[in-house]
Amino acid sequence: MARLTFLGAARTVTGSQYLLEAGGRLVLVDSGMFQGDKALRQRNWSQPEFPVAKVDAIVLTHTHLDHIGRVPRLVKLGFRGAIYCTPPTLELAEILLLDAAHLQEEDADYLNRKGLTTHAPALPLFDASDVQEALKLFRALPLGRAQAVNDALSFSYREAGHLLGAASADVELQEAGQRTRVVFSGDVGRFGAVLTKDPELAPDADYLVIESTYGNRTHPEITVIDQLEGVLKRTFARGGVLLIPAFAVGRAQQMIWLMDQLVSTGRMRPFPIHVDSPMAIDATRIYAQYPDAHRESLNTIGGRSLLHGKWVHLHRTRAESQALNDLKGPAVIISSSGMLSGGRILHHCRVRLPKPENTLLITGYQAAGTLGRALLDGASTVRIHKGELPVLAEIRDLKGLSGHADGGEMLRWLSGVKGKPQAVFVTHGEPEAADALAGRITRERGFVARVPAMGQAFDLAAAGH
Ligand SMILES: [Zn+2]
């Protein structure tokens, strides 16, 4: 009988990794990094629970590190199969994995220099050469095209609406003449989100493995563009600069697109937008390469990408970044990192936060302990690069940009399922969120919904269709 084992994102949000066994063959769906506290992060170093060299393929749903971050290590440990993903995911994965390798090499180096490690020496989970080896195994598969992985497993991708290139994986297993269909939601986006397409509804399946990041929440109905217009106009009326810390992949492009909408619909006069992040510039180029993979085409009638409009200025070098210190409003600076945990955004904060005419606009989740969280909580002074500085700028939080469906939207996604699956496995959520969503699925749809534990395995019976 075919089998499914949960090797990550079970009763937690990160580390997505699911092992499928059928006909003596092994295939992984996602291989993500555990992120968060130390106990979780240490799982990244644990020995895989399966014979790595015997795995035929890894099917990736999207490019976020909690879905792809263990791939380079598996390659280092002997994985030589195919790594499938959508075409945009292939390109985004390259920049995200290389950036992650770089950060880990820096962290290990720092720990070794300061003698802060009990492991001698501290090592990165993977380095740039591991990433290069892994990238050689990547193969792009467009949405909607069936791919046979081996004689026991084939799959196709469906739009997940979470991020450029993000997909659900619709897998068919063959074992002893029995066919079993297992659908992995990946991360499911919101309906009516900024720039990203709506998710394609779930198809009928014997089993579904679904995410539950916000399974116990309801996102408020908020129009993002109206909030943004208000903040921009207020800041510009003071002669200030709007500073936007943004995740380089996804959020930065959404912000450029929203601002283009404000100008192109005549709600605001044009103003300069400065993108100060080499990674965001690379990601923006990839977004522009797929003009029709978004809610609306990104190309103007002249064939130029909206993301590369004439008011958008890209800054790659450090000198260009420093020159922005003298920039006068009205203007916008988009820089990373999104949680203000490092990167060029810190230099801009040092220059802009002590001045009341400016605004800092938070556009994403801010983890406890980050500078972004402290500012949102109303800190009147902050420490940046060992210097204390007053916070006189306006601090705002742009709401409504979540990349994940809420509980109601996950049920809407499941409304595509007309038959009765054998079971729905609820993953990729903290226990409260996963349990709440599982409860709703049972109450509202009458499906068997289970929240698997880490390492738990299930035999998959075919429904006989
Ligand atoms: Zn994701």
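A residue is called buried when its relative accessible area is under 20%, exposed when that area is over 50%, and partly exposed in between (1.4 Å probe, protein chains only). By this rule Arg158, with a relative accessible area of 17%, is buried. The model is predicted, so local features need pLDDT of at least 70 and side-chain atom pairs count only at pLDDT 80 or more, while totals for chains, interfaces and linings use all residues. Residues are numbered from 1 along each chain as its sequence is written, and side-chain values use heavy atoms, with hydrogens and water left out.

Side chains of opposite charge can pair when their charged atoms come close. Here a salt bridge is a side-chain nitrogen of Lys or Arg within 4 Å of a carboxyl oxygen of Asp or Glu. A search of the whole structure finds 25 salt bridges. One of them joins Arg158 to Glu200, with 3.3 Å between the closest N and O atoms. Arg158 belongs to strand E8 (residues 153-159) and Glu200 to the loop between strand E10 (178-184) and E11, so the pair ties together parts that are 42 residues apart in sequence. These element names refer to DSSP runs, numbered from the N terminus: helices (H or I) have at least four residues and strands (E) at least two.

Asp282 counts as buried at 18% relative accessibility, whereas Arg316 is partly exposed at 41%. Between Arg383 and Glu388 there is a salt bridge with a closest N to O distance of 3.3 Å; both of these residues are exposed. Salt bridges can also join into a network, as they do for Asp226, Glu229, Lys233 and Arg267.

Asp30 is a charged residue without such a partner. Its place is in strand E3 (residues 25-31). Asp30 is buried and has no salt bridge, and the nearest side chain of opposite charge, that of Arg70, is 9.9 Å away. In this count Lys and Arg are positive and Asp and Glu negative, while His and the chain ends are not counted. The side chain of Asp30 does make a polar contact, at 2.8 Å, with the side chain of His67. A polar contact is a pair of N or O atoms within 3.5 Å; within protein, one must be able to donate a hydrogen and the other to accept it, and residues adjacent in sequence count only if both atoms are side-chain atoms. Leaving aside neighbours within four places in sequence, the residues in contact with Asp30 (heavy atoms within 4.5 Å) include Ser16, Tyr18, Leu60 and His67.

Tyr18 brings in the aromatic rings. Rings of Phe, Tyr and Trp (its six-membered ring) pair if their centres lie within 6.5 Å; planes under 30 degrees apart count as stacked, over 60 as edge-to-face and the rest as tilted. By this rule the count comes to 9 aromatic pairs. Phe6 and Tyr18 have ring centres 5.6 Å apart and planes at 75°, so they are edge-to-face. Their pair links distant parts of the chain, with Phe6 in strand E1 (residues 2-6) and Tyr18 in strand E2 (residues 17-22), 12 residues apart. Phe6 is buried at 0% relative accessibility, and Tyr18 is buried at 5%.

Tyr207 and Phe425 form a stacked pair, 6.1 Å centre to centre with 10° between the planes. Tyr207 lies in strand E11 (residues 207-211) and Phe425 in strand E20 (residues 423-427), 218 residues apart. Tyr207 is buried at 6%, and Phe425 is buried at 1%. Ring pairs link Phe6, Tyr18, Phe184, Tyr207, Phe425 and Phe458 into a cluster.

Strand E20 also holds Val424, which is buried at 0% relative accessibility. Not counting residues up to four places away in sequence, Val424 touches residues including Leu208, Ile210 and Phe447.

The last topic is cysteine. A disulfide is a pair of cysteine sulfur atoms within 2.5 Å, and a search of the whole structure finds 0 of them. Cys85 is buried at 0% relative accessibility, and Cys349 is buried with a relative accessible area of 0%.
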